[in-house]
Amino acid sequence: MKIRGFCLAACALALLVPASPLRAQNLKPASPFTVISREGRRTVQAVVDGEQDMLRVEDLIAVFQLTVREDRGNNALTVTHAGRTVVLSLDQGLASLGGRLVSLAAPPARDGGRWVVPADFVSRALPLISDTKVELRRSSRLILVGDVRVPRLTARLEPAGTATRVTLDLAPGAPYAVLQEPRRLLVKFDADALDPVLSSVSGLGLVESVSAAEPTTIVISLAPGMGSFRASSMPIEAGSSRILVDVLPVGTTTTPTAPSPPGGVPPAGTTRPESIPAFAQAASPSIRTIVVDPGHGGEEIGARGVNGAMEKDITLDVSRRLKAAIEARLGIRVLLTREDDRLVPLDERASIANNNKADLLISIHVNASPRRDARGAEVFYLSLDGLSAETRRMAENPQGKTLPTLGGGSRDIELILWETAQARHLAESAVLAGFIEEELRKTVEMSLRSLQQASFRVLVGANMPAVLVEIGFVSNPDQEAQLITDGYKNQIVQAIYDAIVRYRARLTGSRQEPR
Amino acid sequence: MTRGKRLLVGLGLAGVVVGFASWMLVGYVVRPAPGENAASGGTTRVRVPGESFIKVSLFYVAADGLRLTPVERDVPFADGTSEQAKRILEAQLMPPPSPLLAAIPNGTTLRGIYVADRGEAYVDFGDAIRTAHPGGSLQELFTVYSIVSVLTVNLPAIKSVQILINSHEVDTLAGHVDLRRPLPRSAIWLEPPTIVSAR
């Protein structure tokens, strides 16, 4: 009986052995991957199998604190982390956890005596057992673990009049500062690392090269003849930003405009970016006209509270109060897009602002959520989600056209697509939205989403800095009661008024404080 | 045993076998999909033997009321992106499990879906998605981005989504979000609230 059992076991083993891992492999050495986490950087060795990057398991064990066991009985590798196990099939590119299957680019393989797994194991299977976000950036050989800030960065060089312009696009955006050293400029970013693509940048004009330096610096090497520089930035889409560094020849002076750039606070001892680019200088030097837009109206009541308060009534009341406050105390002309309870189409609201050459458009709304406990004010400016790259380019570089004038001569006009009118004012809209959010925060409760971008229809066609303010949630019974009181409405009006005062002071370069 | 008794015992055994098989079959056909239970609004789906399912993420308003959160469900497999998108959206329109809340108004009907070559999906709804909408920009953002997310997250072939009503383009659902062009996925509404950097 014992002999029979032994024979059966031997037969089973003989059947199992050929099924173990082992397809023909043609593994070649490849560039290692760098793991970036809050704890620092580690290297994971890699090989390439055809077109598939494979990572060395023993490196992953060290980085992610894994336990890996070969399960020949099930023809699998089991990978365990913190008591949770994911099973990798040795026959096909599949990982399973509790019945959930995840496809992988390839099954595990052996590189000499070492196990290797496909690179997408770390981004597709590992998060199932580690509860940590893992992002694989194959082209840049990066593995990002957890909440680390590693913006992708692309650079290009182009002539800009007598200057040479370096354009750095960051996704997502990050605070930065520019430091001038002999024969070079350093653009330093507040991030955990950079993911730069600089291969196509070669010398041009006053710039010899653009390169990356560890850990978060871009080095702009300068050619002889550089006199000064100016830098600026603006958001280009949700979460991304563009930095322009103009390298100017000797004898050129920089314009001393000094807006706070969207980049944020620079590290100590660095030079603050100085000016905003031509297409972002859309705001008038001062403010003469403001259009306030009371949301909804007429048959379109907007959101409605459980006790009957209607968005269209609250927005009209607040807008009237805001108009009165600004006109009486600042002497600025204020127009409302509706003076009474009627429906005004969204495009017409932007038209009223455009046709009256308004310097600012402020749209007032009341929010609602399916959750009754959602509460607090929010401020929005436009997101360019959905605009094609071509349309964005047109927005940033409006086409000029020369028209003949009566009596001879000609006149240059700027053609702006309605769909892209707001795009060229985004940087200023962001500043205004930030001021309003800060002033509101001083006196009223803010939502956790207090400052956001969204593709709101009423903002799209506005050819001036424009924001939409949600003054509270009428769907919350407590806030509904608050929203109809004079006290709350006046707090909102005072906060927006104070933000306008700050914005105007910034435009004129004065240090006028609110109130 | 007489011939009559043998026949009786045989019939009895056959009855037991048929009864057991029927019980097993009924149990299989009405068994809810994994994750489905009474909390899903009593929407027990009938599974047909042999039918294939895919696991997808549906998007509902999270308990904090400030973002959308994914819930995994099995949805019948379908041939072709348009048909699969339709199955996924039909599942999205079903009531969510408690305590999550639907971002799409109750009574919303799906009229059709067309997926263009460039990965733009055009989703045609009936009137209710607008007429039954309770308003508010956040609620409207949730409605729009639950539809955009459920298609772009689950079907890589779909890159952006435009919402139509009764086969017509619309400006907005409730006066806020610009719907005149296909919208790409936006992770902002799927993540815990953060404040964008304005200056």
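How many of the eight residues of strand 29 of chain A are buried? Eight of the eight are, so strand 29 (residues 466-473) is largely enclosed by the rest of the structure; a residue is buried if 20 or more other C-beta atoms lie within 10 Å of its own, with C-beta atoms placed from the backbone. The model is a predicted one, in which local features need pLDDT of at least 70 and side-chain atom pairs count only at pLDDT 80 or more, while totals for chains, interfaces and linings use all residues. Residues are numbered from 1 along each chain as its sequence is written, and chains are lettered from A and ligands numbered from 1 in the order in which they are written.

Chain A has 515 residues, of which 43% count as buried. It holds 10 helices and 29 strands, taken as DSSP runs numbered from the N terminus (helices are H or I with at least four residues, strands E with at least two). Among contacts in chain A with a separation of 6 or more, 64% join residues 24 or more positions apart; two residues are in contact if their C-beta atoms, placed from the backbone, lie within 7 Å.

Strand 24 of chain A pairs with strand 29 of chain A in the parallel sense over six bridges, and Leu361(A) stands opposite Ala466(A). Strand 25 (residues 377-382) of chain A pairs with strand 29 of chain A in the antiparallel sense over three bridges, with Val379(A) opposite Val469(A). Pairing requires that DSSP finds at least two bridges between two strands.

Elsewhere in chain A, five strands form an open antiparallel sheet in the order 4-5-6-7-8. Its edges are strand 4 (67-71) and strand 8 (100-103), each pairing on one side only. Neighbouring strands are turned by 25 degrees against each other on average, direction ignored. Helix 3 (residues 120-130) of chain A packs on this sheet, touching strands 5, 6, 7 and 8 of chain A, and its direction makes about 150 degrees with that of strand 6 of chain A. Four bridges join strand 7 (residues 94-97) of chain A to strand 8 of chain A, and Ala95(A) has Val102(A) as its bridge partner.

Helix packing comes next. Helix 7 of chain A and helix 10 (residues 486-508) of chain A pack at about 140 degrees, with their axes 8 Å apart; axes are lines fitted to C-alpha atoms, for helices over the stretch in contact, and angles run from 0 to 180 degrees between N-to-C directions. That angle makes helix 7 of chain A oblique to helix 10 of chain A (under 35 degrees counts as roughly parallel, over 145 as roughly antiparallel, 65 to 115 as roughly perpendicular and the rest as oblique). The contact includes Phe435(A) of helix 7 of chain A and Tyr503(A) of helix 10 of chain A. By class, this contact has nine nonpolar, three polar and four charged residues; Ala, Val, Leu, Ile, Met, Phe, Trp, Tyr, Cys and Pro count as nonpolar, Asp, Glu, Lys and Arg as charged, and the others, Gly among them, as polar.

Finally, the two chains meet. In all, 42 residues of chain A are in contact with 31 residues of chain B. Strand 24, helix 7, strand 28 and helix 8 of chain A each supply at least two residues of the side that touches chain B, and strand 28 of chain A gives the largest share, seven residues. This side of chain A has 15 nonpolar, 17 polar and 10 charged residues.

How values were computed:
A residue is buried if 20 or more other C-beta atoms lie within 10 Å of its own, exposed if 12 or fewer, and partly exposed in between; C-beta atoms are placed from the backbone.
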